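Dear colleague,

I am passing on the structure we spoke about, with the sequence beside it.

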Amino acid sequence: MIHTDPSLPTEPARKRRDAGRRRRLIAFSAAALGGLVVALAIGLHIPVRAAGSAPAAAQRQSWMAKYHRPAAIPFPASDPYSRAKVDLGRMLFWDPIVSGSRTRSCASCHNPGLSWGDGLPRAIGDGSETMPTRTPTLLDVAWVPLLGWDGKAHSLEGITFTPITGPIMNRKMAELFAALAAIPGYRQAYAAAFPGGVIDRHHTEEALATFERTIVASKAPFDRWIEGDENAIDEAAKRGFDLFNGNAGCAECHSGWNFTDSAFYDVGVGKGDDIGRGRLFPNSPKLRYAFKVPTLRDVARRGPYMHNGSEPTLAAVIDLYDRGGIDRPSRSELIKPLHLTAGEKSDLIAFLKTLSGEPRSEPEPTLPR
Ligand code: HEC
Ligand code: HEC
């Protein structure tokens, strides 16, 4: 039986992309032809408008139109926003009471000062054990449909107890609820957030998930440019943006304002036992070594990179894409050697650096005791 992955782009979608690439090629050849006409015209002293640059500017404008930020956070109808849930979720997020050793909170690894990651190549669990993957950022997590590097979890509510009861925190659920119920401040906070105020799995999931949905990347220089401030980013970054959307093909996967199509690909990284989404779809050759496309918000601050922390710097990531990663059957067709010049590589990095917003000042809550 062949398992298809609904989160992967379908064949028609791929064809549309390929058609898009062909159209771009045609556009580029048309631009080149335009240049020739201009050169001839100049030779013949026929006055013409500056041809070459107009299509390039129009192309950039049409790319820019795809990067506007959404107006509101999508809270699901099954777990709508409330201030009381956010307040409770924030306390739980910072409280080491959720870990077996009582020393580790969600914020120990999803640290707001480190763009909601931990800066480590791979996370260190409650028993000092190295986890198989790096801690992902929680920026814009409200828009991530499938959670985890392999997309095994279907909602923020659904993933809540994976870290708590697993090796990340090693806490027994019943013991956690008993410990919370013994603290008057938590009894009040659950009562304020939920009718009846029961301290249970369901309410704990809703509170943490609602808080996490409020973790939204702050505006970056890139956003100000998209909104019309031509001086918000420099020329190198603008050239990098053109490459990102054009010849380097990055936006094929890192698409839209949060820089991800939320799908899973093998970009030619990682060769150990961790086959990512392939674990869930063992019969799908393209999902071997496929991991989720991460957001690129705040990316310059979030090294080391990739699901296994294998790339120490942005320059190393760009070199990896330039080589095309490990050539193997599972590797995405969208990944191939790019042959970028040194100038193009530094333009891409200049662009990626414009995606860092002001760090959000996230006051640590006072923990009820
Ligand atoms: C020891 C470090 C550590 C701690 C503590 C921790 N996490 Fe994580 N978190 C991770 C790692 C590593 C992953 C990736 C796991 C995977 O993909 O299998 C992750 C993934 C996630 C994701 C999925 C994000 C995405 O974009 O796919 C969410 C949501 C999350 N954690 C929330 C929490 C919450 C809530 C807590 C506290 C209850 C918590 N984490 C505690 C390391 C940690
Ligand atoms: C085929 C889809 C695809 C294309 C094309 C692509 N990426 Fe990625 N990108 C991914 C995936 C998937 C990951 C995570 C891979 C992993 O961890 O194993 C990733 C990871 C990254 C990371 C690391 C982010 C982090 O938090 O670890 C950066 C930076 C990045 N890509 C930039 C780029 C740039 C720049 C380009 C163009 C040169 C590009 N990507 C092209 C899919 C893609």
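Helices (H or I, at least four residues) and strands (E, at least two) are DSSP runs, numbered from the N terminus. The model is a predicted one, in which local features need pLDDT of at least 70 and side-chain atom pairs count only at pLDDT 80 or more, while totals for chains, interfaces and linings use all residues. Residues are numbered from 1 along each chain as its sequence is written, and chains are lettered from A and ligands numbered from 1 in the order in which they are written.

To begin with the chain as a whole, it holds 13 helices and 2 strands. Of its 369 residues, 35% are buried, where buried means that 20 or more other C-beta atoms lie within 10 Å of a residue's own, exposed that 12 or fewer do, and partly exposed anything in between, with C-beta atoms placed from the backbone. Two residues are in contact if their C-beta atoms, placed from the backbone in the same way, lie within 7 Å.

Next, the two ligands, for which a residue is near a molecule if its C-beta atom, placed from the backbone, lies within 6 Å of it. Around ligand 1 there are 28 residues, and Cys106, Cys109, Ala123, Gly148 and Trp149 come nearest. Helices α4 (106-109), α5 (156-159), α6 (161-165) and α9 (201-213) each supply at least two residues of this shell, and α4 gives the most, with 3 residues. By class, the shell around ligand 1 has 19 nonpolar, 7 polar and 2 charged residues; here Ala, Val, Leu, Ile, Met, Phe, Trp, Tyr, Cys and Pro count as nonpolar, Asp, Glu, Lys and Arg as charged, and the others, Gly among them, as polar. Ligand 2 is surrounded by 27 residues, the closest being Cys250, Cys253, Tyr305, Met306 and His307. The largest share of that shell, 4 residues, comes from helix α12 (residues 314-323), and the shell divides into 20 nonpolar, 5 polar and 2 charged residues.

Helix α9 is largely enclosed by the rest of the structure, because 10 of its 13 residues are buried. The buried residues of α9 include Thr204, Leu208 and Phe211, and the buried residues of this helix pack against α3 (83-94), α5 and α8 (184-193). The end C-alpha atoms of α9 are 18 Å apart, which agrees with the 18 Å that its 13 residues should span at 1.5 Å a residue, the expected span being 1.5 Å times one less than the number of residues.

How do α11 and α13 cross? The axes of helix α11 (residues 235-245) and helix α13 (residues 342-353) come within 7 Å and cross at roughly 100°, where axes are lines fitted to C-alpha atoms, for helices over the stretch in contact, and angles run from 0 to 180 degrees between N-to-C directions. That makes α11 roughly perpendicular to α13, since angles of 65 to 115 degrees are given that name, those under 35 counting as roughly parallel, those over 145 as roughly antiparallel and the rest as oblique. Among the residues that make the contact are Phe241 and Phe244 of α11 and Leu348 and Phe351 of α13, and the residues of this contact divide into 8 nonpolar, 2 polar and 3 charged.

Several loop residues are also worth a look. In the loop between β2 (291-292) and α12 lies Asn308, which counts as buried because it has 20 C-beta neighbours inside 10 Å. Leaving aside neighbours within four places in sequence, Asn308 is in contact with Arg122, Thr133, Arg134, Gly270 and Asp274. The loop between β2 and α12 also holds Pro304, and the peptide bond from Gly303 to Pro304 is cis, with omega near -10°. Asp298, in the loop between β2 and α12, has a positive phi near 60° although it is a residue other than glycine, and Asp298 is buried, with 21 other C-beta atoms within 10 Å.

Best wishes
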